[in-house]
Amino acid sequence: MAPSKEEVFEKVKEALVDALGVDDDEVTPQATMVGDLGAESIDFLDIVFRLEKAFGIEIPRSELFPEDILTNAQYVRDGRVTPDGIVELKKRMPFADLSQFEANPAVQEFSTLLTVNDLCRYIQSKVGVTE
Amino acid sequence: MRWFWIDRFVEFESGRRAAAEKAVTLAEEQLDDYVPGFPVMPASLIIEGFAQTGGLLVGECRQFEQRTVLAKVGRAQFFREVRPGDVMRFEVAIQDLRDDGAIVHGTARVGDQLVADVEIVFAHLDDRFEGVDLFFPADFLTILRLLGVYDVGRTADGKPLVIPARLLAAEAAANREGPSSEPDAAR
């Protein structure tokens with residue numbers, strides 16, 4: 001049976017606590033992975049591994065980290081993602097709230113925007129959830 | 001000081017697990033000043049032993065073509081001091097292997113006593129490092145031989161490990177040219 005949203009959040013929280021050494025109460029849905037929880041690029045390898053194990057799923061890197069879009073000259077101009085690029089990002093990452101990024105689509109800002117809630121919504125899209 | 005924190009592999013099962021031993025002796029410099037008057041093996045260098053045991057296990061999965069580096073110590077617990085005369089046994093197992101890195105679980109024991117239990121993350125350096133060797137291939141093969149990787153190493157189905165042709169070619173070239181000469185463009 002598919003897990004509930006709460007169960008998804010609890011498991012995501014456990015993975016983040018273990019991978020990042022943060023406290024339980026720091027992992028809120030609104031917390032950003034990089035800014036609030038201090039995740040560095042190498043931590044994502046660890047986080048992805050733990051999430052795959054916890055949920056029995058496979059997580060291709062490109063689904064969470066659309067580097068190919070962010071480095072594609074077609075979608076990036078002067079270090080900023082173009083409107084076409086935003087469309088591509090939304091297509092690739094329907095689980096992520098990109099409204100803040102749209103206001104200032106600087107490529108270097110992108111990695112700092114992913115929140116715990118985005119991650120939960122991504123997992124939900126992979127495993128399905130019961131309400 | 002030579003940067004070897006294991007002495008030899010005693011088991012090596014490609015892609016899965018490996019075990020290595022390290023004898024700790026009072027003659028080693030790292031014991032001199034770490035805790036003066038109380039020679040113990042620094043925990044940080046026990047981590048390096050895990051990194052060497054696990055790193056070679058991970059690197060071998062892809063014939064040492066990727067540049068594998070220790071990226072993160074996710075968890076490390078230590079249970080017992082390691083003193084001169086102790087022989088540590090490192091055991092590592094690959095939990096996950098992917099294009100950008102690997103997660104390895106490891107334990108170290110002296111006899112039947114647990115010394116350390118760790119989880120470490122290795123990264124494969126990306127394309128920006130394309131063509132950069134972390135080691136000279138011929139020297140690297142010498143290290144692999146010294147550590148007994150190809151003496152005890154077995155493939156997943158139990159056959160002896162095969163030395164990658166790239167490393168053998170580098171070794172043969174180095175033997176022809178002598179230890180420190182430049183590559184000969186005319187050859």
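Biologist: How many residues does the contact take from chain B and from chain A?
Modeller: This is a predicted model, and contact here means heavy atoms within 4.5 Å. On that basis the contact takes 13 residues from chain B and 11 residues from chain A.

Biologist: What pattern does chain B follow along the sequence?
Modeller: Chain B has 4 helices and 7 strands. Of its 187 residues, 43% count as buried. Among contacts in chain B between residues at least 6 apart in sequence, 66% join residues at least 24 apart. Read along the sequence, the pattern is β-β-α-β-β-β-β-α-α-β-α.

Biologist: Is B:Ala18 buried or exposed?
Modeller: B:Ala18 lies in strand β2 (residues 17–23) of chain B. Leaving out residues up to four places away in sequence, B:Ala18 touches B:Phe9, B:Glu11, B:Phe12, B:Thr53, B:Leu57, B:Phe90, B:Glu91 and B:Val92. A residue under 20% relative accessible area is buried. B:Ala18 has 0% relative accessibility, so it counts as buried.

Biologist: How far apart in space are B:Ala18 and B:Gly153?
Modeller: In sequence, B:Ala18 and B:Gly153 are 135 residues apart. In space, taken from C-alpha to C-alpha, the distance between B:Ala18 and B:Gly153 is 8.7 Å.

Biologist: At what angle do helix α2 and helix α4 of chain B pack?
Modeller: Two packed helices are described by the angle between their axes and the distance between the axes. For α2 (residues 137–146) and α4 (residues 165–177) of chain B, the axes are 8 Å apart and the angle is about 110°. Angles of 65 to 115 degrees count as roughly perpendicular. Therefore α2(B) is roughly perpendicular to α4(B), at about 110°.

Biologist: How many nonpolar, polar and charged residues does the contact of α2(B) with α4(B) have?
Modeller: From α2(B) the contact is made by B:Pro137, B:Ala138, B:Phe140, B:Leu141, B:Leu144 and B:Arg145. From α4(B) it is made by B:Arg166, B:Leu167, B:Leu168, B:Ala170, B:Glu171 and B:Ala174. By class, the contact has 9 nonpolar, no polar and 3 charged residues.

Biologist: How far apart are the end C-alpha atoms of helix α8 of chain A?
Modeller: Helix α8 (residues 116–127) of chain A has 12 residues, so at 1.5 Å a residue it should span 16 Å. The end C-alpha atoms agree with that, being 17 Å apart.

Biologist: Which helices of chain A do the buried residues of α8(A) pack against?
Modeller: The buried residues of α8(A) are A:Val116, A:Asp118, A:Leu119, A:Cys120, A:Tyr122, A:Ile123 and A:Gln124. They pack against α1 (5–20), α2 (41–55) and α3 (61–64) of chain A.

Biologist: Is A:Asp78 buried or exposed?
Modeller: A:Asp78 sits in the loop between β1 (76–77) and β2 (80–81) of chain A. Its phi is near 50°, a positive value in a residue other than glycine. Exposed means over 50% relative accessible area. With 75% relative accessibility, A:Asp78 therefore counts as exposed.

Note on methods:
Residues are numbered from 1 along each chain as its sequence is written. Chains are lettered from A and ligands numbered from 1 in the order in which they are written. This is a predicted model: local features need pLDDT of at least 70, side-chain atom pairs count only at pLDDT 80 or more; totals for chains, interfaces and linings use all residues. Side-chain values use heavy atoms; hydrogens and water are left out. Axes are lines fitted to C-alpha atoms, for helices over the stretch in contact, and angles run from 0 to 180 degrees between N-to-C directions. Helices (H or I, at least four residues) and strands (E, at least two) are DSSP runs, numbered from the N terminus. Angles under 35 degrees count as roughly parallel, over 145 as roughly antiparallel, 65 to 115 as roughly perpendicular and the rest as oblique. Ala, Val, Leu, Ile, Met, Phe, Trp, Tyr, Cys and Pro count as nonpolar, Asp, Glu, Lys and Arg as charged, and the others, Gly among them, as polar. Buried means under 20% relative accessible area, exposed over 50%, partly exposed in between (1.4 Å probe, protein chains only). The expected span of a helix is 1.5 Å times one less than its number of residues.
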